[in-house]
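Hi everyone, thanks for coming.

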Amino acid sequence: MPVARVALPVAASTLFDYWVPEGFPASRGALVRVKLGGRPLIGVVVELLEHTDIPRDRLQPVEAAMPEIPALPVDLLELGSFVASYYQEPLGLVLAQMIPRLRATRRAAPPSRPTQTRR
C-alpha cells in the first residue's frame, strides 16, 4: 500500500501519513487535499513510502489532487526544509508560504458615502 507523507499548514512539526488510492497520481511535491481531524486541508507530498508504522485502519486516504497548481520542485522542497529547520518552524507552514493562494480572498469594498456638494 503506497503511503504519502504530507506536510500540512498546521502548527505541528510532524508530517502526516495518508494512504494513496490505487491509480491516484501522487508525486513528491504535489499538492493534495486531505482531512486532518475532519477538517479539509491542502498539503504538500514530501515523500512517498511503500509502508508506514501506522496501522492501516488509522490511515485516511488522500482525497484529491490539485492539478491546477504545479508540484513544488525538489529544490524548493529542500529550501523549505532548510528554512523550517533554521527558523524552527513546522515544514507545512513554511511550504504553505511557497504556494499561491488557493482561494482568492477579496475584501468587499466599503460602501461609498455619497459626496455632498457645497452650494
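**A walk through the sheet and its cores**

When I say strand or helix, I mean DSSP runs numbered from the N terminus, with at least two residues (E) for a strand and at least four (H or I) for a helix. Two strands pair if DSSP finds at least two bridges between them.

Quick housekeeping before we go on. This is a predicted model, where local features need pLDDT of at least 70, side-chain atom pairs count only at pLDDT 80 or more, and totals for chains, interfaces and linings use all residues. Residues are numbered from 1 along each chain as its sequence is written, and side-chain values use heavy atoms, with hydrogens and water left out.

Okay, the big picture. Five strands make an open sheet, in the order 2-1-4-3-5, with antiparallel pairing. Which strands sit at the edges? Those are strand 2 and strand 5, as each pairs on one side only.

Now look at strand 1, residues 3-7. Five bridges tie strand 1 to strand 4 (residues 39-49), and the two run antiparallel. Strand 1 also has four bridges to strand 2 (residues 16-19), again antiparallel. One example there is A4, whose bridge partner in strand 2 is Y18. Is strand 1 enclosed or open, and why? Four of its five residues are buried, so the rest of the structure largely encloses strand 1. Buried here means under 20% relative accessible area, exposed means over 50%, and partly exposed is in between, using a 1.4 Å probe and protein chains only.

Next, please find D17, which is in strand 2. D17 counts as buried because its relative accessibility is 11%. What does the side chain of D17 make polar contacts with? One is the side chain of R5, at 2.7 Å, and another is the side chain of T52, also listed at 2.7 Å. A polar contact is a pair of N or O atoms within 3.5 Å; within protein, one must be able to donate a hydrogen and the other to accept it, and residues adjacent in sequence count only if both atoms are side-chain atoms.

Let's hop over to T52, in the loop between strand 4 and strand 5. T52 is buried too, at 16% relative accessibility. Its side chain reaches the backbone nitrogen of I54 at 3.4 Å. Leaving out residues up to four places away in sequence, T52 touches V3, R5, D17 and L59, where contact means heavy atoms within 4.5 Å.

On to the cores. A nonpolar core is a set of buried Ala, Val, Leu, Ile, Met, Phe, Trp, Tyr and Cys residues joined through side-chain atoms within 4.5 Å. The largest one has 14 residues, and L31, V44, L72, L91 and L95 have the most contacts inside it. Strand 4, helix 1 and helix 2 (91-96) each supply at least two residues of this core. Apart from that core lies another, of 13 residues, including A4, V10, V20 and F24.

Last stop: P73, in the loop between strand 5 (64-65) and helix 1 (74-87). P73 is partly exposed, with a relative accessible area of 39%. The C-alpha atoms of P73 and R28 are 8.2 Å apart, although 45 residues separate the two along the chain.
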